[in-house]
Amino acid sequence: MRFRVLLPALGFSALITGFADPRAQIQVEYLYRLSNFSGIVPYSDVQLHADRFHDEVYVGEGDVLRVFNATGMEIYEFTHDAMRLGTVADLVALESGDILVLSYRLASPDRPGGAQITHYNYRGDEQGELVLSGLPPEIQDFVPNRMIFRGGKLYFASTSRCLVVVASVDGAFERAIDLLDAVPKDDKARDGAELGGIDVDGAGSIYFTIPTEFRSFRRLSDGSVQSFGKPGSAPGTFGIVGSILADDKGDVLVADRARNAVLIFDANLRFLREFGPTGHKQEVLNRPGAMALGAGGKLYVSQLGFRGVSVFSIASPDAAVH
Amino acid sequence: MKTIRFALMLTVAALAVIGLSPAYAFHSGGVAECTGCHSMHAPASHPLLAKGDPSSTCLNCHEHAGDTGPSSYHISTAPVDMPNGIAPKQRTPGGDFGWVKKTYGYLLRGTATTDPGQSHGHNIVAVDFGYVADPDNTTAPGGTMTSTDLACTSCHDPHSSTRRLSDGTIVSPTKAQGTQYAPIMGAGSYGLVPPAGLAAGVYRILGGSTYTPFTGGTNFPGVPSAVTPATYNKSEAVNQVRTAYGYSATGGYTSWGQWCATCHGDMHTNSGYVHPVEQGLGATIAGNYNAYLKTGDLTGTTANSFNSLVPFAENTSDIATLAGHAQNNDSQLGGPTANDGVMCLSCHRAHASAWTFSLRWNGENEFLTLANTAGVSVYPSYDAVGNTPDGKTLLSQNQVFKGYSQAEMLAAYYDRPATKFAPYQRQLCNKCHIQD
């Protein structure tokens with residue numbers, strides 16, 4: 001058995017063993033927490049984006065964006081003018097190294113409030129605004145708070161409306177997708193439902209979680225929807241589902257904010273294993289928030305309570321998570 | 001092209017339906033899914049709570065980093081979303097707890113002054129989320145409850161079994177063996193009237209007569225009545241969100257004042273010479289309320305005088321009546337009658353606000369707004385541009401804005417533009433007392 005992805009441990013690392021399930025071949029290894037020359041950066045509930053092209057990770061915290069290199073050390077910082085542009089809600093890095101930052105711009109005397117997508121170059125110099133254009137009149141008030149760049153498309157999501165807008169890389173509206181279509185019309189969990197997390201894979205499938213449903217969903221590009229998971233506190237079950245990620249193979253990682261766990265499912269949505277609730281002190285997660293998959297199977301997990309951003313290496317015999 | 005257009009129409013139609021959906025999932029008026037709060041195998045605190053304390057367990061869902069604005073059932077803004085100059089983002093009627101983390105320093109008439117965050121509301125203890133006990137008050141103002149005990153669960157009963165029956169009466173089952181009681185079918189905050197044999201929850205699963213807010217305290221005397229619109233967490237830049245508060249002291253209900261007095265007894269009329277609650281406004285005060293729109297404008301009528309910065313308690317607990325008034329589209333702006341009453345929530349927000357003592361407006365200065373050189377009402381702020389008509393810079397009027405940015409001033413008044421007020425708007429006490 002050869003692991004295509006097995007990163008060397010940096011600093012303290014611990015091998016987290018799988019559960020008894022014979023499918024649990026995935027290995028998860030704690031690597032480190034994002035740091036600077038003063039030590040671990042005590043982040044709490046921040047926004048993340050992993051730039052797989054350049055093996056870097058971006059952290060957005062209010063009005064500051066920091067860039068960390070492949071070994072988790074801070075290498076750059078720049079400021080997002082939150083007073084003018086709003087606080088950082090999400091960010092993506094493009095192949096060119098340019099960065100898009102999503103925020104909510106408050107109304108000013110000469111301009112109404114709304115979604116603000118600010119374009120920065122790799123140095124953090126503001127390059128202008130990317131305008132989400134062509135929205136149908138009925139969703140002119142669409143205010144996204146998540147942004148994903150996948151397959152040359154920009155996906156914007158409003159977690160409170162469970163609505164996704166797909167746009168070209170220059171911001172031109174292409175289509176809207178109502179994710180609540182995945183929930184039966186008479187399901188009481190539709191009422192007040194919001195997204196706990198959302199991701200898109202290379203094939204255009206949308207993965208999302210609805211905390212009040214205690215379930216996760218995969219919406220394929222043909223519009224069909226599959227759900228998985230059920231409430232519980234045992235391994236493999238959901239407490240409060242949050243962030244969700246899909247790798248290039250279709251394997252899925254779901255963060256559980258109640259159980260302090262990250263659950264891994266295979267492409268058939270079968271539970272493989274989880275980590276986070278127990279283990280060595282540094283491996284234990286505290287309310288996993290935003291997650292990002294970086295180059296070489298690195299998983300970045302934002303946490304609450306100033307626990308910072310933990311980085312894990314995830315590897316499987318056939319490079320399940322990569 | 002026709003197919004695309006049709007698909008778009010379907011999407012839009014679906015969105016229109018969603019927009020009308022009420023928000024009452026998860027708690028559903030009573031005890032929610034157990035595993036949303038409890039962890040059987042990896043609890044963080046007693047009793048098998050998923051997070052470090054009761055309030056942190058609540059905020060696990062009710063605070064969400066990355067919100068861009070008011071969002072569904074969120075009642076707290078994460079610190080990363082409100083750096084200096086940026087206000088908390090939620091606009092629920094109860095207010096955003098994030099304000100208790102916002103401390104301001106400013107020069108007041110030449111003296112360095114601090115507006116401490118802890119003065120802005122209820123200092124719940126939610127350690128995982130950075131909320132700590134009130135450092136100034138060791139006990140509840142007007143009461144004996146220790147500040148370190150204050151939690152969301154002091155007011156809200158997470159296992160609420162208190163229910164409103166089909167005839168409108170409130171019961172709090174003892175859950176004694178051998179008893180029977182109507183099952184709760186859904187949330188009691190949005191106007192649900194259950195059929196016979198079933199029940200709705202009570203407003204905001206507030207503690208009822210079998211619930212004690214803190215160890216050693218007394219039970220609540222009943223539950224107060226209210227109905228709020230399904231979409232209650234929203235900006236009031238254009239339309240107001242009207243929560244229709246009610247009043248009854250029978251049928252299992254208690255007044256808002258008596259309910260709050262469970263912890264703040266000495267603040268209540270019964271215990272001293274304080275602002276009255278629990279009594280009808282009377283014709284004079286009700287008439288004032290209905291006439292007063294803003295400073296210098298007494299042209300209001302009984303049909304258009306409601307102001308969500310000064311709500312009142314209607315003299316009824318009839319859910320259908322209250323539900324008819326609980327709107328977020330300015331379709332119900334009727335003012336009070338002489339029999340309606342003032343309550344604690346007429347002046348205070350239940351969670352927190354931008355202002356000291358969780359007041360709905362700045363109670364520490366005679367003016368809420370100023371004017372620019374054109375005489376138009378404006379909020380001063382440290383980043384304001386321009387002067388007042390008498391030549392003072394707007395950014396120097398600290399006594400009005402207390403160190404806030406323009407964005408924070410707007411947020412403090414739920415995004416109302418200053419022009420909703422008069423230039424040199426006086427305190428909203430005048431809504432009832434017209435002294436300006």
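**Packing, pairing and burial in a predicted two-chain model**

Q: Against which element of chain B do the buried residues of α5(B) pack?
A: Residues are numbered from 1 along each chain as its sequence is written, while chains are lettered from A and ligands numbered from 1 in the order in which they are written. Helix α5 of chain B (residues 282-291) holds the buried residues Ile285(B), Ala286(B), Asn288(B), Tyr289(B) and Asn290(B), where buried means 20 or more other C-beta atoms within 10 Å of a residue's own, exposed 12 or fewer, and partly exposed in between, with C-beta atoms placed from the backbone. With helices (H or I, at least four residues) and strands (E, at least two) taken as DSSP runs numbered from the N terminus, the element against which these buried residues pack is α9 (430-433) of chain B.

Q: How many nonpolar residues are on the side of chain A that touches chain B?
A: The contact between the chains takes 52 residues from chain A and 40 residues from chain B. On the side of chain A, at least two residues each come from α1 (82-85), β9 (88-93) and β16 (173-178). Sorted by class (Ala, Val, Leu, Ile, Met, Phe, Trp, Tyr, Cys and Pro nonpolar; Asp, Glu, Lys and Arg charged; the others, Gly among them, polar), this side has 16 polar and 14 charged residues, and its nonpolar residues number 22.

Q: Which residue takes a positive phi in the hairpin of β6(A) and β7(A)?
A: Strands β6 (residues 56-61) and β7 (residues 64-68) of chain A pair in the antiparallel sense over five bridges, where pairing requires at least two DSSP bridges between two strands. Within this pairing, Val57(A) stands opposite Phe68(A). Two residues lie between the strands, and the one with a positive phi, near 70°, is Gly62(A).

Q: Which residue of β8(A) is the bridge partner of Arg66(A)?
A: β7(A) also pairs with strand β8 (residues 74-79) of chain A, in the antiparallel sense and over five bridges. The hairpin of these strands has five residues between them, with Gly72(A) taking a positive phi near 80°. The bridge partner of Arg66(A) in β8(A) is Glu77(A).

Q: Is Ser227(A) buried, partly exposed or exposed?
A: Ser227(A) has its place in strand β20 of chain A, and beyond four places in sequence it touches Ala182(A), Arg215(A), Ser216(A) and Phe217(A). Because 16 C-beta neighbours lie inside 10 Å, Ser227(A) counts as partly exposed.

Technical notes. This is a predicted model: local features need pLDDT of at least 70, side-chain atom pairs count only at pLDDT 80 or more; totals for chains, interfaces and linings use all residues. Two residues are in contact if their C-beta atoms, placed from the backbone, lie within 7 Å.
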